[in-house]
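Here is a set of questions about the labels applied to one model. Each answer sets a value against the cut-off behind the label.

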Amino acid sequence: QVHVVESGGGLVQPGGSLRLSCAASGIFFHIEDMGWYRQAPGKQRELVASITARGNTNYADSVKGRFTISRDNAKNTVYLQMNSLKPEDTAVYFCTAAVRRTVVSAPNDYWGQGTQVTVSS
């Protein structure tokens with residue numbers, strides 16, 4: 001079984017910063033891509049940022065220059081540093097990990113339960 005758990009959400013004022021963390025645990029061979037999605041009330045879930053095992057990153061246009069994704073492969077952990085936060089960043093943020101359970105198996109996506117980020121004065 002693979003577990004993905006996020007932490008670090010909360011309430012922050014506009015212009016402030018938050019750092020989200022997400023750790024994958026369990027028995028598996030390797031984690032491929034890891035990423036962060038978000039879902040605001042009444043909206044579809046959208047990709048915020050992703051990072052490959054080698055560290056190649058991808059960002060949504062709306063967060064480029066403000067958010068930074070990084071990962072620690074030794075800890076099976078991915079981070080999302082969010083700066084210059086705006087009210088429109090308010091959403092539930094979900095972490096995902098593409099996990100290869102064995103050396104011969106294809107990767108499957110595992111999701112965390114989500115963490116609330118609220119940007120408001």
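Q: What makes Phe 29, Val 103 and Val 104 a nonpolar patch on the surface?
A: Such a patch joins nonpolar side chains (Val, Leu, Ile, Met, Phe, Trp, Tyr) within 5 Å, from residues with over 30% relative accessible area and no salt bridge, a salt bridge being a side-chain nitrogen of Lys or Arg within 4 Å of a carboxyl oxygen of Asp or Glu. Together Phe 29, Val 103 and Val 104 have about 340 Å² of accessible area, a quantity from the Shrake-Rupley method with a 1.4 Å probe, where for residues only the protein chains shown count as cover. The model is predicted: local features need pLDDT of at least 70 and side-chain atom pairs 80 or more, while totals for chains, interfaces and linings use all residues. Residues are numbered from 1 along each chain as its sequence is written, and side-chain values use heavy atoms, without hydrogens and water.

Q: Why is Val 104 called exposed?
A: Exposed means over 50% relative accessible area, buried under 20%, and partly exposed in between (1.4 Å probe, protein chains only). Val 104 has 74%, so Val 104 is exposed. Its place is in the loop between E9 and strand E10 (108-111); strands (E, at least two residues) are DSSP runs numbered from the N terminus.

Q: Why is Ser 70 called partly exposed?
A: Its relative accessible area is 30%, so Ser 70 falls in the partly exposed class.

Q: Why does Arg 66 count as buried?
A: The relative accessibility of Arg 66 is 10%, therefore it counts as buried. Arg 66 sits in the loop between strand E6 (57-59) and E7.

Q: What does the side chain of Arg 66 reach?
A: It reaches the backbone oxygen of Ser 84 at 3.0 Å.

Q: What makes a set of residues a nonpolar core, and which have the most contacts inside the largest one?
A: The set consists of buried Ala, Val, Leu, Ile, Met, Phe, Trp, Tyr and Cys residues joined through side-chain atoms within 4.5 Å. The largest has 32 residues, and Trp 36, Leu 80, Met 82 and Tyr 93 have the most contacts inside it. The largest share of this core, five residues, comes from E9.

Definitions and conventions: Helix = DSSP H or I, 4+ residues; strand = E, 2+ residues; numbered from the N terminus. Patch = residues over 30% accessible without salt bridge, like charges linked within 9 Å, V, L, I, M, F, W, Y side chains within 5 Å. Polar contact = N/O pair within 3.5 Å; in protein donor to acceptor, adjacent residues only side chain to side chain.
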